[in-house]
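Subject: Structure for you to look at

Dear colleague,

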Amino acid sequence: MQIGLVIPCYLDVFYPEVGIATLELLERLGVSVDYPFDQTCCGQPMANSGCESDSRATEEHFIRLFSRFEYIVIPSGSCTHHVRNKFVAAPPSAERDHVSQHVFDLVEFLHDVLKVKEFPWGEFPHKVALHNSCSAIRGINMASMSERVHDAEFNKPKALLQAVKGIEFVEFARHDECCGFGGTFSATEEAVSAKMGYDKLGFIEASHPEYIVSSDMSCLMHLQGCARRLGTEVKFRHLAQILNGDRQ
Amino acid sequence: MSAIDQALNAARFIEDRTHEKYFDALMWSLREARDRSALEVPEWEELRDLASAIKEHTLSNLAQYLEEFEASATRNGSQVHWALDAHEHNQIVADILNRHGAKNLIKSKSMLTEECETRPFLENRGVSVTETDLGERIQQLDDEPPAHIVGPAFQKTPQDIANVFARAYGSDASNTDVVYLAHQMREHTRPLIEKADAGMTGANFAVAETGAVVTVTNEGNADLSGNVPKLRICSVGIEKIIPSNRDLAVFIRLLSRSSIGLPITQYTSHFRAPREGGEMHIILVDNGRSARLGMEKFWPSLKCIRCGACMNTCPVYRRSGGLSYGSTYMGPIGIIMMPTFGIRRYSELPFSSTLNGSCSNVCPVKIDIHEQIYAWRGVMDEKHQVKLAKKTAMAVAGEVLSHPELYRIATSATETSLKLLPRFAIYNDLNAWGKHRETPEPAKQTFHQWYKEHRQ
């Protein structure tokens, strides 16, 4: 099976190790990974700010690079949500529709397409707090939503991580409240954004995890910024790193 | 008129730790109460679908139902008035009061009269206006607008309220006991209710079939305002019309559960006709609603039943305080309504959201609130209301991100890149980001560079 891999711009620059883990993990699972080298970004930062016209060229570029793939995989729920549900800056075309319909978050690709049940190389003997992004939960439905009290509970990132030996989850209050990152919101409304981050960190730290794990590194980048300022010990990992066999 | 700077107002609110913490905890407790309450109703999601469909149907046939309401209400002996805008509404109220020589008006909470700024309008014309609902009265005494559409004074701690009452009523500022405070309110307001010449209420619903105006309250002051004086005035936004009592049943089941997590409020009152020897006036107010109904993207906010659930769950609202929005309606629902009242003034509001989507999930009438917030951002760009600094940064980002060679230069660890990089990575220079958090450090080697070195 051949897929097109998207490494979001913020991972490229700030967290290349997450990109590497994603690539290696997919290869371990027997997937043939094509990484179109000219890729840049999905266009979300501009579109999310209302500036759709400014994201048009970037989205067109994305479509040119990825419309030939049957599966387009991104280790980010936020970018996946944008490409699947908000990808309208480029004029309508069969290629654009194809891209939106064939894009998967890494978790979805592993859980729903490959249906991976075990990661024999994985072992993570640590207490972990799992944070799912709002895009992952309410944007692309990777986990049940706390507001929908009658829905059956499910959590795809957790289902995958549970297959890793030794991992222990800790529960925390307001588990699916937004962490406050919000893309450009983190800069334009920095006071509220940071307050939300510190509150989220407080709820999580009350359950004493060693690691905060997410399939969206953008939330973690923000929470890590708060944790570093506080000087707390908690560590941050992307889900792909743990599934790929990182022990710490 | 300059744009409301919600972010700045919110930052100020956060600096005062006591109030931010108190408010967030109180609002979140309402969200939790809402969840527990919804859980007790197995057909909850079905009710939401139904409520949404009833509103959609009614709004699609609004003219017909409004006329039916007018006919029913007139048959009951009420007098129906039509107001195109806030000024017309206020003038109608003033004229009615004038005709009766009414100088003392008691009033229960009505967001519509806040929207129309009715109280100052009347006060400037020599009418003494007394709010009779606890929260609204506190805000009136403190000369502040409501911070929440259900609990106007939710932002105040018991100590704040004790201070307000001490100032206004000479009560004991050190006594923060809620029963004591409620008694202060009652002692000082009841005499004003007894001597009032006229009473005014808003409406939660107006039933076309019966011609009744329905209020849903806990304190029962709408009943005092509506029943004690012989002259009664009800102000109703035209979107409050519903076809029948059968429809009302759906909304009553959803409203207080969504709002405060209780199955029903103390009072659900149908004001159907004037009391004997009295007059009942119903003012149907448009004030921009027809225009919004004609907006293809934004009409759904007219489905709102003012429960406040979207505000209680909103993580931004809870940490910003309701007054930070500088508007009649605040929080998520305020963000999508207010731009129709002034595009420039409320141009920043759509950016006061992380688009997390919780608001849409709790909305009892299923307004896709966070999708509308997103759409309003686009409108602000189209109408050139996005701040210049942000717009410039987005244009630069759009240029860099659509050209791989520029992107490569920007992301390679060089002197040039460090200037360009943050512009697209987190939109502006990282100063704002780094004010309260540590900024992320670019890796020594990007994924691109690693890939080129190891895989190509």
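How far apart do the C-alpha centres of domain 1 of chain B and domain 3 of chain B lie? Before I come to that, please keep in mind that this is a predicted model, and that the values below were computed from it.

The domain assignment of chain B gives three stretches, namely domain 1 at residues 41–287, domain 2 at 297–382 and domain 3 at 388–455. Between domain 1 of chain B and domain 3 of chain B, the C-alpha centres are 53 Å apart.

As for the chain as a whole, chain B contains 23 helices and ten strands. Its radius of gyration is 25 Å, which agrees with the value near 23 Å that a compact globule of 456 residues would have. Of the 456 residues in chain B, 50% are buried. If you take the contacts in chain B between residues at least 6 apart in sequence, 73% of them join residues that are at least 24 apart.

The two chains also touch each other, with 61 residues of chain B in contact with 57 residues of chain A. On the side of chain B that touches chain A, the largest share comes from helix α19 of chain B (residues 388–401), which supplies seven residues. Sorted by class, that side of chain B has 33 nonpolar, 18 polar and ten charged residues.

Most residues other than glycine have a negative phi. His208(A), however, has a positive phi near 50°, and this residue lies in the loop between α11 (190–205) and β7 (211–214) of chain A. Because His208(A) has 11 C-beta neighbours inside 10 Å, this residue counts as exposed.

In chain B, Arg306(B) likewise has a positive phi, near 60°, and is found in the loop between α13 (289–293) and α14 (309–313) of chain B. Arg306(B) has 18 C-beta neighbours inside 10 Å, and therefore counts as partly exposed.

With best wishes

Technical notes: Residues numbered from 1 in each chain as written. Chains lettered and ligands numbered in written order. Predicted model: local features only at pLDDT ≥ 70, side-chain atom pairs only at ≥ 80, totals over all residues. Contact = placed C-beta atoms within 7 Å. Helix = DSSP H or I, 4+ residues; strand = E, 2+ residues; numbered from the N terminus. Nonpolar A, V, L, I, M, F, W, Y, C, P; charged D, E, K, R; others polar. Rg over C-alpha atoms; globule rule 2.2 N^0.38 Å. Buried ≥ 20, exposed ≤ 12 C-beta atoms within 10 Å, placed from the backbone. Domains from an automatic or database assignment.
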